[in-house]
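I opened this structure to see what could be looked up in it. My entries follow, one topic at a time.

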Amino acid sequence: MKKLISIFALVTAICSISSADTYTYSQLIDRLTNLETLATLPQDGEKCAQWSSWDRDSKYDATTGKYVAWDANGDNAGIIRTEGDLLVLGEITGPGVIWRTWSAAPTDGRVMIYLDGSSTPAIDMPFKDYFNSGRLPFNYPGLVHEVSQGWNNYIPIPFAKSCKIVAEKNWGNYYHFTYTSYPAGTVLPTFSMDLLRQNRTQLKQADLALRANRGDDPAGVRPGSVTKNLNINLPSKKSVTALRLTGPQAITAIKMGTQLTAQQLRQVVMRIKWDGEASPSVWCPIGDFFGSAPGVNTYRSLPLGVTDDEMYCYWYMPFDKSAVIEFSNDGKGAVPLSLSFTTAPLRQGAQNLARFHAKWHRDAFLPSEPERQIDWPILKTTGSGRFVGVALNIYNPGGGWWGEGDEKFWVDGEKFPSTIGTGSEDYFGYAWCNPALFQHAYHNQTLNQNSNAGNVSVNRWQITDNVPFLTQFEADIEKYFPNSNPTLYSSVAYWYLSPKGVDPYGPTSLADRTGYYKYEPYKAPWAIEAESMRVVSVSGGQTSAQAMGTFAGKWSNGTQLWWTGAKPSDSLVLEFNVAQTGTYQLGIQLAKAVDYGIVELSLDGKPLGAPIDLYHEGVIATGLIPMGSHRLDKGKHQLTARIAGASEKAVKGYMVGLDYISLKPVK
């Protein structure tokens, strides 16, 4: 079956290339898995953009040339306008295709999509039904799915002339509609249920490739392909040329063994030069190139992935005359590399194809405009090409939600970005700063340490919704926390660029790319962590360790002991150890939240001050609360928490969160 699917995809790819001005729905489905078409140079009039619920207070003032309220963050409900009782969410002049629909909170309100001036909507259903995979036409789980509270739909919705998206007022919160508009005269079908039924078999095949067969080359075995395996022991401070190729042809797969440390994955760099260029088009630490940073983090997506045995890359990399692949070891000690490269003949002239680029950087080309300091550039480049994705690594050991920022894509000199999003996690296909890992063909969260308080690695591949540009391109993501937080970003941008285009990124030193991302959670002075104490007894409810990285305040060890399910008068007894007899200044840090109770504390049966009201609108740390000086003998002691009730304003959950106690010796 896989061989038949690959042959079908090959034939479809050739057809899609040879009939660039006419697209059948079958050819649009092919774009879901066809990485080869990404290398085609864009046409004049081809444009990818996005309608979303971004905060409309963000504006560009053409009179002053300044950006106004550029960090406005009310991104849940922005719309174009109202028409009677309906809200207009998007308007597109065709021909075009909606490639991606996303929401963080779709509800029962209907969303209607009108195509080509019809008075009858092509799609009319509750917004939540766009995403639940249980209703036609959106019942393909590889294309329609929920991950970490983000709702995603990748079913192509084409139209020949126009598209208008309207919604009832109770549609939900947060939306993206990402689309491509094509040059006038391009022929596209109009989305309908009949169109889906006619192409049901191919949709099932695409669904299978995106869901069950990730990790295989989506093109199958290309005619004339050749695979070469290499084993290299790369010496310290040395560079090795692994492969020299003559063209025209394309690299279609790169694979590497996974038996390397996080340090080795950053200290070894891969460089690829096309057609005799002086500076490499690919310059990247090897782990980051495969979307794994720091360390080996397993996931499977369409173009890249990491399994227990290998890291793989299926980005299509054409060249005309030559390709040189080099590896440099900038660290101490030799590094063993197990490598595999697959090449294949081109199916069209190299002069029609862009060259593949991938560059790793930290803080390169930050904006000069004071009002745009929040924008962190993923990529800046000039020439003609396509932006196809990013792997972003965030080092955020201090905790707090790092990702309020929106993605912004500026195409061909735009003063206002044609893509502006609603939050960093929204761009990566999830929502609500959810730390749960997920993997999919187009978007992944491969690492999340301590509920966003450590290293976080996410990626997004823009395959169907790649962003074409003719003269220049800039991709930013808003970064709310300064480096001093410390919150540090690094990224690999992936794009295709014409041979005459300008890639401005140079190499980065070993010192600048290693060491800074070691995860060491904050530890309060003299702290005994509550989650490490032995639970002697609990009269009601249950206890668990809760990661606190997404919540305001400094949390010792990034974790608290969370007591839930209890009621007034219930008690929790914890045991801790004192290393030596002495007098200690006792303090305690707890959590406050809207559904927390009032707690009474005692030490070895003796009350510790007045009851503490833990009510607050939002989760925060109390800070260290002094509990007086105490003479404590060496050995075991008990801390008791008793629920005395709850604030009148509180949701009556009666929960209690204990972060740590502090025992500071009194000299």
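**Entry 1: aromatic rings**

I am working with a predicted model. I began with an aromatic cluster. Phe-127, Tyr-130, Phe-131, Phe-138, Trp-171, Tyr-175 and Phe-177 make up one such cluster.

Then I searched the whole structure for aromatic pairs. The search returned 41 of them. I looked at Tyr-23 and Tyr-182. Their ring centres are 5.4 Å apart and their planes meet at 40°, so I logged the pair as tilted. Tyr-23 sits in the loop between helix H1 (2-18) and helix H2 (25-30). Tyr-182 sits in the loop between strand E15 (176-181) and helix H3 (193-198). The pair links distant parts of the chain, 159 residues apart. I checked burial too: Tyr-23 and Tyr-182 are both buried.

Next came Tyr-395 and Tyr-516. This aromatic pair is edge-to-face, with 6.1 Å from centre to centre and 80° between the planes. Tyr-395 belongs to strand E29, while Tyr-516 is in the loop between helix H8 (510-513) and strand E37 (527-529), so the pair ties together parts 121 residues apart in sequence. Tyr-395 and Tyr-516 are both buried.

**Entry 2: arginines over rings**

I looked for charges over ring faces. Arg-56 lies over the face of Trp-54, 4.3 Å from the ring centre. I also found Arg-372 over the face of Tyr-67, at 5.9 Å from the ring centre.

**Entry 3: cysteines**

How many disulfides does a search of the whole structure find? I got zero. I wanted a reason for one case, so I took Cys-284. The closest cysteine sulfur to that of Cys-284 is in Cys-313, and at 10 Å it is too far for a bond. The cut-off for a disulfide is 2.5 Å between the sulfur atoms. I checked from the other side as well. Cys-313 is in no disulfide, and its nearest cysteine sulfur is that of Cys-284.

Are these two cysteines buried or exposed? Cys-284 has a relative accessible area of 0%, so I noted it as buried. Cys-313 is at 1% relative accessibility and counts as buried too.

**Entry 4: a cavity**

I picked the second largest cavity. Its volume is about 80 Å³.

Which residues lie nearest the centre of the second largest cavity? They are Asp-288, Ala-293, Ala-391, Leu-392 and Asn-393, out of 15 lining residues. Strand E29 (385-395), strand E33 (455-461) and strand E36 (488-497) each give two or more residues to this lining. I sorted the lining of the second largest cavity by type: six nonpolar, eight polar and one charged.

**Entry 5: cis peptide bonds**

Most peptide bonds are trans, so I looked for exceptions. Ala-293 came up again here. The peptide bond from Ala-293 to Pro-294 is cis, with omega near -15°. Pro-294 is in the loop between helix H6 (286-289) and strand E21 (299-300).

I found another cis bond between Asn-485 and Pro-486, with omega about -5°. Pro-486 lies in the loop between strand E35 (472-478) and E36.

**Entry 6: positive phi**

Ser-148 has phi near 45°, a positive value in a residue other than glycine. I placed Ser-148 in the loop between strand E10 (144-147) and strand E11 (150-153). With a relative accessible area of 11%, Ser-148 is buried, because the cut-off for buried is under 20%.

Phe-365 has phi near 60°, again positive and again not a glycine. I placed Phe-365 in the loop between strand E27 (355-361) and strand E28 (375-382). How exposed is Phe-365? At 37% relative accessibility, Phe-365 counts as partly exposed.

My last stop was Gly-247. It is in the loop between strand E17 (238-246) and strand E18 (249-257). Gly-247 is partly exposed, with a relative accessible area of 31%.

How values were computed: Residues numbered from 1 in each chain as written. Predicted model: local features only at pLDDT ≥ 70, side-chain atom pairs only at ≥ 80, totals over all residues. Heavy atoms only, no water. 1 Å grid on protein atoms, 1.4 Å probe; cavity = no way out; pocket = protein on both sides within 12 Å on 5 of 7 lines; lining within 4 Å. Points joined across faces, edges and corners; volume = space filled by probe spheres on them. Helix = DSSP H or I, 4+ residues; strand = E, 2+ residues; numbered from the N terminus. Nonpolar A, V, L, I, M, F, W, Y, C, P; charged D, E, K, R; others polar. Phe/Tyr/Trp six-rings, centres within 6.5 Å; stacked < 30°, edge-to-face > 60°. Buried < 20%, exposed > 50% of the residue type's maximum accessible area, 1.4 Å probe, protein only. Lys NZ or Arg CZ within 6 Å of the ring centre and 35° of its normal.
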